[in-house]
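Walk me through this fold. Begin with charged side chains, then move on to sheets and cores.

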Amino acid sequence: MTNPEISIIMPSIRPTELKGFYESVLKSTKRTFELILATPFNLPDEIKNLSNVVSIKTFASPIVASQMAVPLCRGKLIFWTSDDSLLIEDSLDKNIDLLYSMGDDHKNVVVAKYYEGKNRTEKLLQPDSYFKINGSTWTSSQYVSDDYWIFNVAIMHRSFFEELGGWSTEYQACPYAYCDLAIRAQKESARVIMSDYPLLDCDWGQPGHEPIEIAQIHDDYPIYQRKFRTEAYNTLQTKIDINNWKNCPPVWDKRFRQ
């Protein structure tokens, strides 16, 4: 079987949203892709038998679930998102074209903006500063360059992503794990461009978000502070074990009870 051009990783707890997301991918690109879903639930009938959809059954945290999906990726490129998002028409192709226009260096990365909220007519794109590490009091650090971008929405060469070891599963929720990856990538001389083409339309604030908020604030934030707001930053390990998820709890107790 020929490898797809891009692998899309999605941790998911909302199976009812997956058919719509898959259809949005079809509208966003003419390239070959695979969708790798890490979820505790069965896939909807409309996509469960598709040859470019792969499912991992897991009750782990969103970041552990995402990292579990990495070894299954076959695409030259890698991209990740959440199940409360839809890809905008033609957006994936435009952003992949932009990545290729940067040249052949596997450390090239494209980051993109996204809409948030339930009503597209009321949505606005945030300014560039919103997507910088030092653009938020939650992620800013005196040790981090003002030029560093956050990788909430990013398209990378899979070889570089795997070289970095992917996400660190010391975090449970996505935001700080994405930020950690972004800093490690840019310390490893990644060349990052902010795209002019918004990639996602996100239905922010869906039910079931409370465990994410608890983990992000009470567990992940202190880890981020220790790593990036102290002199520990000067000895930061930019490349980590890609199998770092294997020693993590198989059940995320903030959402599931054993």
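Arg31 is buried, and so is Asp93; buried means under 20% relative accessible area, exposed over 50%, and partly exposed in between, with a 1.4 Å probe and protein chains only. This is a predicted model, in which local features need pLDDT of at least 70, side-chain atom pairs count only at pLDDT 80 or more, and totals for chains, interfaces and linings use all residues. Residues are numbered from 1 along each chain as its sequence is written, and side-chain values use heavy atoms, leaving out hydrogens and water.

Arg31 and Asp93 form a salt bridge, with their closest N and O atoms 2.8 Å apart. The term requires a side-chain nitrogen of Lys or Arg within 4 Å of a carboxyl oxygen of Asp or Glu. Side chains of opposite charge can pair when their charged atoms come close. Arg31 sits in the loop between α1 and β2, and Asp93 in helix α4 (residues 91-101), so the pair ties together parts that are 62 residues apart in sequence. Helices (H or I, at least four residues) and strands (E, at least two) are DSSP runs, numbered from the N terminus.

Arg31 also meets Asp97 in a salt bridge, at 2.6 Å from N to O. This pair again links distant parts of the chain, with Asp97 in helix α4 and Arg31 in the loop between α1 and β2, 66 residues apart. Asp97 counts as partly exposed because its relative accessibility is 39%. Glu5 joins Arg31, Asp93 and Asp97 in a network of salt bridges.

Another salt bridge lies elsewhere. Lys239 pairs with Glu163, the closest N and O atoms being 3.5 Å apart. Lys239 is in the segment after α7 (210-228) and Glu163 in helix α5 (residues 158-164), so this pair ties together parts that are 76 residues apart in sequence. Lys239 is partly exposed, at 37% relative accessibility. Glu163 is partly exposed too, with a relative accessible area of 30%. In total, the count comes to 15 salt bridges.

Now the sheets. Seven strands make an open sheet in the order β3-β2-β1-β4-β8-β6-β9, with mixed pairing. Two strands pair if DSSP finds at least two bridges between them. At the edges are β3 (53-57) and β9, each pairing on one side only. Neighbouring strands of this sheet are turned by 20 degrees against each other on average, direction ignored. Here axes are lines fitted to C-alpha atoms, for helices over the stretch in contact, and angles run from 0 to 180 degrees between N-to-C directions.

With β2 (residues 33-39), β1 pairs in the parallel sense over six bridges. Ile6 has Phe33 as its bridge partner in β2, and Met10 has Leu37. With β4 (residues 77-80), β1 pairs in the parallel sense over four bridges. There Ile9 stands opposite Trp80.

Strand β1 (residues 6-11) is mostly covered, with six of its six residues buried. Ile6, Ile8 and Met10 lie on one side, Ser7, Ile9 and Pro11 on the other, and all are buried. Together with helix α1 (residues 18-28) and β2, strand β1 makes a right-handed β-α-β unit. Right-handed means that, with the strands pointing away from the viewer, the path from the first strand over the helix to the second runs clockwise. Helix α3 (residues 62-69) lies across β1, β2 and β3, running at about 150 degrees to β1.

Three strands form an open sheet with mixed pairing, in the order β5-β10-β7. Its edge strands are β5 (85-87) and β7 (114-116), each pairing on one side only. β5 and β10 (residues 200-202) pair in the antiparallel sense over three bridges. Ser85 has Cys202 as its bridge partner in β10.

Finally, the cores. A nonpolar core is a set of buried Ala, Val, Leu, Ile, Met, Phe, Trp, Tyr and Cys residues joined through side-chain atoms within 4.5 Å. The largest has 77 residues, and those with the most contacts inside it are Phe79, Trp80, Phe151, Met156, Trp167 and Ile183. Helix α6 (residues 174-187) gives the most to this core, with nine residues. Leaving aside neighbours within four places in sequence, Ile183 is in contact (heavy atoms within 4.5 Å) with Ile133, Val144, Tyr148, Tyr224, Phe228, Tyr233 and Leu236. A second, separate core of six residues includes Ile212, Val251, Trp252 and Phe256.
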